[in-house]
Structures are given as structure tokens and as C-alpha cells.
Amino acid sequence: MDRDLKSLISQMTLEEKAGMCSGLDFWHLKGVERLGIPSVMVSDGPHGLRKQDDKADHLGINDSIKAVCFPPACLSACSFDRELLHTFGTAVGKEAQATDVSVVLGPAVNIKRSPLCGRNFEYYSEDPYLTGEIAAAFIQGVQSQNAGTSIKHFAANNQEFNRMSNSSEVDERTLREIYLPAFETAVKKAQPQTVMCSYNQLNGTYASEHPWLLTEVLRDEWGFEGYVMSDWGAVNDRVAALKAGLELEMPSSNGVNDEEIVKAVKEGTLDESVLDLAVERILRIIFHWTDHREEQPFTMEEDHLLAQHIAEESMILLKNEEILPLGTDEKIAFIGGFAKTPRFQGGGSSHINSFRVDNALDFASKIGNVDYAEGFPSDRDLYDEALSKEAIAKAADADKAVIFAGLPDSFESEGYDRQHMKLPDCQNKLIREILRVQPNTVIVLHNGSPVEMPWLPDVKGVLEAYLGGQAGGSAVANILFGKANPSGKLAETMPIKLADNPAHLNFGDGDKTFYQEGIYVGYRYYDAKEMDVAFPFGHGLSYTTFSYSNLATDKTEISGSDTLTVSVDVTNTGHIAGKETVQLYVRDLTGSCRRPGKELKGFEKITLEPGETKTVSITLDKRSFAWYNTEIKDWYAANGTYELLIGASSRDIRLTAQVQMTGSRPLPLNLHLNSTLGELLGDERTKEYGIRLKNKMVQFFSASSSEEAANSAISDEMNAAMALSMPLRNLVSFGLCSKEEIQQTLDELKQIR
Ligand code: BGC
């Protein structure tokens, strides 16, 4: 229905308009009854609904209504499956329609900068491309049911320490290449109805009042059409925030900030048109909701099965030395409290009141011959002699042991960061003891973020279940016994130890966090440092095997608005059906600037029957090759050679090919008296002039050095090297050119395009 919102707004009082810009209570926006503007509800999630009816709070302390807890983002991202995320989103959208939730508060797309971030379980990946693709698919799914989403937390909110005041100090290239693209992709592809700004400051300005972030980048550059809401309590200066582009403050300020807005309009410090526009943006989304109410039948039973399916498609088989799948004729010992009481979601605002929880023990007992010993509790670090003794005995007596390890709730949560990357000591100790009596041991991990695995070389299998959602237990049982063939791939690197992480020295203290590692986040860093990792980004095994062949591109040159289609054949070389995620990384060989050795720019997940071959096609465009150049304030892909790497993981590259970029305009010359001779020599446009100056300089050095010095201390190589780093102004001080002469030539050179 087309509504004349402007005319509606013209009938609102100043107070009513200011009131629309903040919540009525924790979960509702205000309405204006006399004008037919309804009060609508928003609700947390996003891996299910956390709808609180009364005693509302935003930290998950009070119970919400019973709902389905799907796998949190840390797991679902590992599906590398856009279609699956779309189905997932659609289910959440249906539940939202059916339960009067107009906007689901998610997805959360912050990049995993450090394994310590307490909310990593809510975030998808260390990689911006994967995050953006997965988020866009989820948003499209939810919004296909005409419920809204709120992509969060915009932006650079990568730690919990001092989350409401800390300033993330990030240079623009790093923001553009790492921390913003997931939001950008989601906005451009899926147009989320709302964006939630983060609590933190970005380079000294609160995200809630950051005009560059909320207006210049989000709206003017990316074309965002919805409204921006604050994270709960993220508003610092309400009027500044409104001017910067924050339409809705949540939850409410008890009217205090509404009055500030009214006052500012009356005093003339806030243009009323800014307020009108904000109200219009909010009303458009409210009425989209009320005009698209639909009967949405859903059953929690069916969604529970979908939650199980998503978990099975996402869990990652990290290691398998011919120990899995378990046989139904084998005697298996399940050890560890998580087998019976799995940790399947994280604490805080995304906490869902699950209507049912599957545990692996119950399900596995229906499939095979499973005995159980608790060994250690799932909720704390407590070594118990009696429990351990029983577990060791049962493990020794079995054909194989499966140890259900993981992080207790208190080890990671919204609101605080982890202190370390270790499992509870009691678990590592018992794992060691069991390995002494039972070499055929598998570890199943329940964690929202990587853990150190000191026992890794000695165990035969590791299944990373992350936090599996309420049906994670049945998914684990099915994967262990081969009823489901694992196909998840890691959406983050598992470093060997915490100190290896690039953010290690700049994380979680002080009131500013300096993102000094820049664009070298996750595998971009570990690769550049040639560092061993426990498991690389993109890694994940299957019970079958795949071979890759026939890498081809539809052209060998790409330029301008061309796209390039890369195709590769993948064959299932094993005996059972399985799924493989083909990953396409790009490496820049042009040398135009320092860049990571490879970056993910495409992926596709396919299903293959035994012996079957499929051709996978992935399309790249110029942006896939580009880096963000802050001088031209744009993405830039230099002319020259790029390598395409097809991998089964970021460190299992199976095939490579090269393509040429042509037709890119060279970067403008930025020349001045302090430019070096080396810079002149390194650019074709200035090379000739550089050679002339260099010759003059080398002659000068040779003439002025004594014969003895020339023979010993000062070699020709040294002269040449020194000339390269010599600023042009030195030519003046050596009397080789006049300042005016150099300046004139530089001005002429700058005209060259
Ligand atoms: C969290 C958001 C959440 C909001 C509402 C905040 O504390 O940061 O992610 O959506 O509360 O519960």
C-alpha cells in the first residue's frame, strides 16, 4: 500500500515526532494512536527468537518465550552455504511473523579479530567476504517473510572490554577492506530494513554519532534505505546522533533525549527537516510491517529438524585418522558432561529459551553401543578423582573413546572477553589420562571460539561442533556414526596458541584499541608470517574425498566492468555422497601495494554422489581484485597479473591460474620535493627523469669520494642504493639542480595520466 508519509508527518506534533525517535520500552517503538501509527515490537535473536513478554532486559537474564535455538553464527557460517542460510533466515522470518516481531535484531557481522572476544560465537568469520555473503543470504531469508532485520554492530565492535566507551582506532584502508565489507555487501545485496550502530567509538567518535559512518558511507555510498537504530544504550549525544544519521534510539531514554530533540528544534540548533526525515524512515519500515502481515504457520518441531540439518551441514571434521565414522558394532565410551548437557549457545542478549535440547548421548545410544561416564562437568573447571577414574576405566574398556570437551558458559559470553584460549584444566588433564589407556580417541568440541589443543597430535579425530543450537546433540551423534557426512569448513583460523594471534598485543586494555595489525587479520596474517596453525581457515574434512581438475577462465584479461567466470571440475572420488566447498582466493602479483598473499573472493558448495563430477563456476568482478586506496578514496586494481587459487582450504590449494587486469587508470602521481629517486624510478611515467637524476647523483658521489673510500667503505652498490632513497631536495643541496628546476619538472610530470 502506498502511504503518504509526508502528509502523515505534517500532522504530527514536534513532541510526537521526537518521540518516534526512541523506544517506548525495551522492545517496542512508540505509536501515535490518533494518527493510526501502531507500536511495533523488535526482538533479539538472530539464531532464533528471544521474545520477552514482560520483565524485559537486554542481557538474556530473564526468560523469554519458548522458541527454537538454531545454531549460532560461529557454526552456521561454517556451512559456507548461502542457500542454507536463506532457508534458515526464512524460518526465523516466519517465526517473527507468527509471533508479532517486526524486526529481528541481527545478524551480527563483526569480524573475529581475536579469539578472545566474548561475543565471537555470535559472529560469523574472520573473513569479510564470507561474512557478507552469509549475512546477505540470511537477511534475504528473514525479509522474504516481510519481517525486518537489524544488521549489527556497526562498526568495528570487536571486543567486549569497555564495549560502551572504548575507541577502536582503525585506519581507513583496514576499515574498508576488513571491518566494513560485510555490512556493505549485506546492504547492497539484501537491503536490511535496519542497521544497529555499535556501542564503541570509532577513531574517537561514538558510532552512534558518526556522520561519516552512518550517512556518508552507509547511505550515500552504499545506498542504505532503512533506518539506523542504536544498540541498547549506545546514544551519547542525542542531537548529534540524529544529525549524524541515527534515527531510532533504543531502548528509551525515559523521555530525556526526546526533550533534547524538541529543545534543539525550538532553539534552531537542529533543523526540523532532519527530524522529519528520520521519522519518515522509521514509519516506512513500521508500515511495511503492518501492511505485510501474513498468516505464517510454523511448528517448532519442524524448525527443530531444520536446526539439526543446519548443524549437520556446518560442523567441521577437523581431524580423522581412520577413526570416524564409528561403527554400530563397536563398543564406544562417551566421556564428558557435554555429551549429556551440551553447551549449544552463548550467554547474553542472543540467549534463547529453547523448547527442547537434544543431547548426543541419547541419540547415539539409539544408533550404536554407547556407554557413558561424566568424567568432568560441563559447567565448571573441576577435576574430580572419582569421576575421572570411572571415565578412564570405561575408556580403556571400550573400542574407542569420544570425549565431549568444551568451554563452560562462564568462559565466554557477551559482556566480557575471554582471558585465555585454553580449555578448562580438568578437561586437558583427563584427555591426557585417557590417551594413555585408549589411543583410539576422538574429541568433540563445544566452544564459541578457538581453543588451544595441546593433545592434538595424539588424538585420532576431532569434530568441531562449536555451539550447535538446540539440535546440536543429534547432529553430533549423526556425524559421529556416519548418518550425516560432515561438510563444514572453518570460517576462522584455529591458531596453535593465543600469542600467535595478530591482535595479541593490542587487545582489551585501555580506552583505545589500536588495530595495528591493519588488514592482516586471520589467515591474511598467519599466511604472511608463514606460521603453523592448528587448522587453517576453510579447512574441513568429509567421509569421502574430492579431486579438482580443469581450472579454466572464460577470458584471460579482465578490465573495467567486465566479469570473469572461473570454472573448475570437482569429482567425488570416494564411496559415499558428500559435499565440498570450492574456495577461490585471489593473489595480487602486480606489486602495486603490500597485500595479503591471498584473499577469499568466491566459494560454492556442491553435493556429489560417489564418482560424480560437477563443474563449479564462480564469477569475479573488478572489485574482487581491488584494494582500497585512501589517496583516491576508491577501490583500485592495478594493471598486471593476478593469480587465482582454487582450494579445499586456504592452505590446501589444488589448482592455480593467472589472469591479467588491463585498462585500469594508473594512480595519480603524488610528487613533491621529498619524493625519492626510487619512487621516480619505480613508475614508468617518471622513470626516464629518474634515471637522469640518478646518473647525476651517482657521478656526484663517485667524484666526491676519495679513492681509498671508494675502494673500501663506499661501494658502487651502496652509492646506487643511497641514491634510491634520496629525497629530491638533496639534489638541490648537492648543487646538482635548482629547486625551481625540480619543481617545474614535477609539475609537468603530474600532468601525465
Ligand atoms: C546487544 C545487542 C542486542 C541488544 C538488545 C545489546 O546489549 O549488544 O546485540 O541486540 O542488547 O538486547
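Ala-156 is buried, with a relative accessible area of 1%. Buried means under 20% relative accessible area, exposed over 50%, and partly exposed in between, with a 1.4 Å probe and protein chains only. The phi of Ala-156 is positive, near 55 degrees, in a residue other than glycine. Ala-156 sits in the loop between β3 and β4. Strands (E, at least two residues) and helices (H or I, at least four) are DSSP runs, numbered from the N terminus.

The loop between β3 (148-154) and β4 also holds Ala-155. A cis peptide bond joins Phe-154 and Ala-155, with omega about 10 degrees.

## Basis of the model

This is a predicted model, in which local features need pLDDT of at least 70, side-chain atom pairs count only at pLDDT 80 or more, and totals for chains, interfaces and linings use all residues. Residues are numbered from 1 along each chain as its sequence is written, and side-chain values use heavy atoms, with hydrogens and water left out.

## Other backbone features

A cis peptide bond joins Gly-45 and Pro-46, with omega about 5 degrees. Pro-46 lies in the loop between β1 (42-44) and α3 (73-76).

Asp-100 is not a glycine, yet has a positive phi of about 65 degrees. Its place is the loop between α4 (82-98) and β2 (103-105). Asp-100 counts as partly exposed because its relative accessibility is 42%.

## Ligand shell

The ligand has 15 residues around it; Asp-44, Arg-119, Lys-152, His-153 and Asp-231 come nearest. A residue is counted here if one of its heavy atoms lies within 4 Å of the molecule. By class, the shell has seven charged, five nonpolar and three polar residues. Asp, Glu, Lys and Arg count as charged; Ala, Val, Leu, Ile, Met, Phe, Trp, Tyr, Cys and Pro as nonpolar; the others, Gly among them, as polar.

A polar side-chain atom of Asp-44 lies 2.3 Å from an oxygen atom of the ligand. For Tyr-199, an N or O atom in the side chain is 3.0 Å from a ligand oxygen atom. For Arg-163, the corresponding distance is 3.3 Å. A polar contact is a pair of N or O atoms within 3.5 Å; within protein, one must be able to donate a hydrogen and the other to accept it, and residues adjacent in sequence count only if both atoms are side-chain atoms.

On its own, the ligand has 310 Å² of accessible area, and the protein covers 100% of this. Accessible areas come from the Shrake-Rupley method with a 1.4 Å probe; for residues, only the protein chains shown count as cover.

## Strands and sheets

An open sheet of four strands has the order β7-β6-β4-β15, with mixed pairing. Its edge strands, β7 (205-206) and β15 (512-514), each pair on one side only. Two strands pair if DSSP finds at least two bridges between them. Strand β4 (residues 167-169) runs parallel to β15, joined by three bridges. Ser-168 stands opposite Thr-513 in β15.

Strand β10 (residues 331-335) is mostly covered, with four of its five residues buried. Five bridges join β10 to β11 (residues 369-373), and the two run parallel. Ala-333 stands opposite Asp-371 in β11.

Gly-406 belongs to strand β12 (residues 400-406). Gly-406 counts as buried because its relative accessibility is 0%.

## Cysteines

The structure holds zero disulfides. A disulfide is a pair of cysteine sulfur atoms within 2.5 Å. For Cys-117, the nearest cysteine sulfur, that of Cys-74, is 12 Å away. Cys-117 is buried at 1% relative accessibility, and Cys-426 is buried at 2%.
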